[in-house]
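Dear colleague,

Please find below the structure that I was asked to pass on to you.

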Amino acid sequence: MEDTGSSSALNPATNVDYSLPSLTLTNQEGLEPVLPYTVFRDLYRGAEPLSAGDDDGFSTELRAHLNTFLNAVPNDSGTDYKSVRNPIDLMNEVIRSGQVDNFNEGRRLMVSSIRDNRAATYNTPANKALTRFSENNSDENTPPEDQAWIYTMLDWTYNSAIGKVFRAMQFVATSPDQVDASTPEIASAAWSGRYGKDFGSSGFNTPEYAATSLTGRTLGKVELLQEFIGFQKDALTLTGVSGITLNGSEPDCVKAVFQYNTSRVRVFISKDKQPKDPNHCGNQVNETPALEYAMVTIENRQY
């Protein structure tokens, strides 16, 4: 591990240049599993209908779409994944596992700020710092832009007025010399979450709410809003999408709401609607869904 650069006593963020054996996350025999902490795991498994066929093929098409963004390798049944390779899950895992001292320092700052009830921030842009993860054992077929990932922002902030910790990160992919089949789909990505006062300086912190945004090079955008308290819900919106068919049509906007406490999936669709249009799939709330079905029960909601 290498931490370089200067940091402020009030903002300890520094440049981080960290090398890993692989940027791919997979469970290793004899070690604590890592895939249960990945962002889309509940949704990926929860897309499976309780009764085969009730989803009209939606789960298969949805997973195929997400696989490209997440670089996920499905298991034999296709209902879960054996590995993922994407910048959001990797950053979350590096933070969770405590591999980088400077990140640990940022978490300790949040814990001490909660204890003293004083505002505090760890913010890389303020210190003109960047985070770089590189792979030291890349496959020969791995393109250069997928051997090192750069994060333009990592931030922890404690808001003493409301007693909440917020974390956010942003990733921007390196532009390839030439886009081909091996080029990763994600062009940019962002994640943010809110935590309560039980936020800890080690291990995994369960957010109260989280938002993930993935912008693709060719397949549109993926946005996921997650609630880990109260309703226990994931709301996934795909825009600029193609290849998903429902009710005999191929929408360019799909919104799927996964309600874990009732094990229901509701799917809304639209085509050629502007984001502000009430009929745009992302704005449909009380409308009759294009598809609704009972999903398999997801025990121990994520994290």
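**Findings**

In helix α4, the buried residues are Asn-102, Phe-103, Asn-104, Gly-106, Arg-107, Leu-109, Met-110, Ser-112, Ser-113 and Ile-114. Please note that the model is a predicted one. Helix α4 covers residues 101-116 and spans 22 Å from its first C-alpha to its last, close to the 22 Å expected at 1.5 Å a residue. After α4 comes Asn-117, which has a positive phi near 50°.

The largest nonpolar core contains 69 residues, and those touching the most other members are Phe-40, Phe-58, Phe-103 and Phe-133. In soluble globular proteins, nonpolar side chains tend to be buried together. Leaving aside residues up to four places away in sequence, Phe-58 touches Ile-244, Leu-246, Val-254, Ala-256, Val-267, Leu-291 and Tyr-293.

Ser-59 lies in helix α2 (residues 58-70). Ser-59 counts as buried because its relative accessibility is 3%, and buried means under 20%. The side chain of Ser-59 also makes a polar contact of 2.6 Å with the side chain of Asp-55.

Strands β11 (residues 209-216) and β12 (residues 221-227) pair in the antiparallel sense over 7 bridges, and Ala-210 has Gln-226 in β12 as its bridge partner. Their hairpin has 4 residues between the strands, and Gly-220 there takes a positive phi near 80°. Strand β12 also runs antiparallel to strand β13 (residues 233-239), joined by 7 bridges; here the bridge partner of Gln-226 is Asp-234.

Yours sincerely

Terms used. Residues are numbered from 1 along each chain as its sequence is written. This is a predicted model: local features need pLDDT of at least 70, side-chain atom pairs count only at pLDDT 80 or more; totals for chains, interfaces and linings use all residues. Side-chain values use heavy atoms; hydrogens and water are left out. A nonpolar core is a set of buried Ala, Val, Leu, Ile, Met, Phe, Trp, Tyr and Cys residues joined through side-chain atoms within 4.5 Å. Buried means under 20% relative accessible area, exposed over 50%, partly exposed in between (1.4 Å probe, protein chains only). Contact means heavy atoms within 4.5 Å. Helices (H or I, at least four residues) and strands (E, at least two) are DSSP runs, numbered from the N terminus. A polar contact is a pair of N or O atoms within 3.5 Å; within protein, one must be able to donate a hydrogen and the other to accept it, and residues adjacent in sequence count only if both atoms are side-chain atoms. The expected span of a helix is 1.5 Å times one less than its number of residues. Two strands pair if DSSP finds at least two bridges between them.
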